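The sequence and structure are shown first.

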Amino acid sequence: MTAAAPGAEINRRFETMQRHPAALLDEMDAGVRKRYFARDARQCEKHGALTYCAFHDYVAWIPSWVSAVDPVARALPPAERDRLPAVRQFTDSWMGADGDEEKSITTFMMWGRAGAQDTYRAVLASQLIRSVLGLRPPRTGCDLHGQSRALVGLWLLGQAVAPARPRTGRSRPAPPSSSRCSPPWA
């Protein structure tokens, strides 16, 4: 048996996703659409200040997500806790198809395998931190060099994941960037 690399069907899907992400729903298999995009595709639970929504087969993971995000939420001022986004599980195979990514913190269809639980905790916690501090996503051409909210963000991240010692030999400080990011309210 031979396997063929994805071809035109994948290219068409990505072109469609770039132009109009919601159009993917019309093109996908009805069973996939029902399982991942129906109104009841996710089960939601409220824990503390946040609502967590998981696909039905992954509801048992919600306590892991709570343990990653709740320490950050509890460290925030009470007024900020009232405006936190929901944590929603998504499938990156159809990223953008439901159009709710901007309003939510998203988590994966995998969690902490092969000793990577702290990495997943840090990624999920950092999404909440980025949302609360008004930070842009990584690799958007800006940094937080010289901004006090960088320290606040690191302190908040330390609430969820214990700081690790730097790895030897490979890490070098990045050169100062000329690109600065202003908070969205500035």
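Is the crossing of H6 and H7 right-handed or left-handed? The crossing is right-handed in this predicted model. H6 covers residues 117–133 and H7 residues 148–160; the two helices pack at an angle of about 145°, with their axes 9 Å apart. On the H6 side, the contact is made by Arg121, Ala122, Ala125, Ser126, Ile129 and Leu133. H7 contributes Arg149, Val152, Gly153, Leu156, Leu157 and Ala160. Sorted by class, this contact has eight nonpolar, two polar and two charged residues.

**The sheet and its helices**

Four strands form an open sheet in the order S1-S2-S3-S4, and the pairing is mixed. S1 (42–47) and S4 (104–107) are the edge strands; each has a single partner strand, so one side of each lacks a neighbour in the sheet. From one strand to the next, the twist averages 25°. S1 and S2 run antiparallel and are joined by six bridges. Glu45 has Tyr52 in S2 as its bridge partner.

Two helices are described here against the sheet. H4 packs on it and touches S1, S2, S3 (86–89) and S4. H6 lies across S2, S3 and S4. The angles of the helix pairings are listed below.

| Pair | Angle |
|---|---|
| H6 and H7 | about 145° |
| H4 and S2 | about 155° |
| H6 and S4 | about 170° |

**The nonpolar core**

The largest nonpolar core has 33 residues, and those with the most contacts inside it are Leu50, Tyr52, Trp65, Leu124 and Leu128. Tyr52 is also the bridge partner of Glu45. The elements giving two or more residues to this core are H3 (30–37), S2 (50–55), H4 (62–75), H6 and H7. H6 supplies the largest share, eight residues.

**Val72**

Val72 is found in H4. Its relative accessible area is 1%, and because buried means under 20%, Val72 is buried. Leaving aside neighbours within four places in sequence, Val72 is in contact with Ala125, Leu128, Ile129, Leu156, Gln159 and Ala160. Among these, Ala125, Ile129, Leu156 and Ala160 also take part in the contact between H6 and H7. Val72 and Leu128 are 56 residues apart in sequence, while their C-alpha atoms are 7.8 Å apart in space.

Note on methods:
Residues numbered from 1 in each chain as written. Predicted model: local features only at pLDDT ≥ 70, side-chain atom pairs only at ≥ 80, totals over all residues. Heavy atoms only, no water. Axes fitted to C-alpha atoms, helices over the stretch in contact; angles between N-to-C directions. Left-handed = near helix turned anticlockwise from the far one by under 90°. Contact = heavy atoms within 4.5 Å. Nonpolar A, V, L, I, M, F, W, Y, C, P; charged D, E, K, R; others polar. Core = buried A, V, L, I, M, F, W, Y, C linked by side-chain atoms within 4.5 Å. Buried < 20%, exposed > 50% of the residue type's maximum accessible area, 1.4 Å probe, protein only. Pairing = 2+ DSSP bridges.
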